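Look over the sequence and the structure below before reading on. The report then takes up the parts one at a time.

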Amino acid sequence: MSKVPYPKTKYYKVKCASCNNEQIVFDSVKSTVKCNVCDEILAEPKGGKAQILGEIIEQYS
Ligand SMILES: [Zn+2]
């Protein structure tokens, strides 16, 4: 039996354009990600990956 490698999940630290809140957004989102503070949309699912709409400050992998 061979092990299936666990897919690495990338994630981003995204800054909200409206209120400057910073929050973590994963690369694979299934629903719209909103800012925890002001409800601005930070990311939308697109083709199985997140389309980041806010400002990406850092990227982790
Ligand atoms: Zn916000």
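## Contacts of Cys35

Leaving aside neighbours within four places in sequence, Cys35 is in contact with Cys16, Ser18, Cys19, Asn21, Gln23, Glu40 and Leu42. The model is a predicted one, and the contacts are computed from it.

## The annotated cysteines

In the model, the end C-alpha atoms of residues 16–38 lie 9 Å apart. The span is 0% helix and 30% strand.

## Cys16 and Cys19

Cys16 is found in the loop between strand 1 and strand 2 (22–26), and Cys19 lies in the loop between strand 1 and strand 2 as well. Is each of them buried or exposed? Cys16 has 21 other C-beta atoms within 10 Å, so it counts as buried; the cut-off for buried is 20 or more. Cys19 has 12 other C-beta atoms within 10 Å and is therefore exposed, as the cut-off for exposed is 12 or fewer.

Their contacts can be listed too, not counting residues up to four places away in sequence. On that basis Cys16 touches Asn21, Cys35, Val37, Cys38, Glu40, Leu42 and Gly54. Cys19 touches Cys35, Val37 and Cys38.

## The nonpolar core

Which residues make up the largest nonpolar core? It has eight: Tyr12, Val14, Cys16, Val33, Cys35, Leu42, Ala43 and Ala50. Strand 1 (11–15) and strand 4 each supply at least two residues of this core.

Strands of a sheet pair through backbone hydrogen bonds, in either a parallel or an antiparallel way. Here, three strands form an open sheet in the order 3-4-5, and the pairing is antiparallel. Strand 3 (33–34) and strand 5 (49–52) stand at the edges; each has a single partner strand, so one side of each is left without a neighbour in the sheet.

Strand 4 (residues 41–46) pairs with strand 5 in the antiparallel sense over four bridges. Across this pairing, Ala43 stands opposite Ile52 in strand 5.

Technical notes. Residues are numbered from 1 along each chain as its sequence is written. This is a predicted model: local features need pLDDT of at least 70, side-chain atom pairs count only at pLDDT 80 or more; totals for chains, interfaces and linings use all residues. Two strands pair if DSSP finds at least two bridges between them. A nonpolar core is a set of buried Ala, Val, Leu, Ile, Met, Phe, Trp, Tyr and Cys residues joined through C-beta atoms within 7 Å. Two residues are in contact if their C-beta atoms, placed from the backbone, lie within 7 Å.
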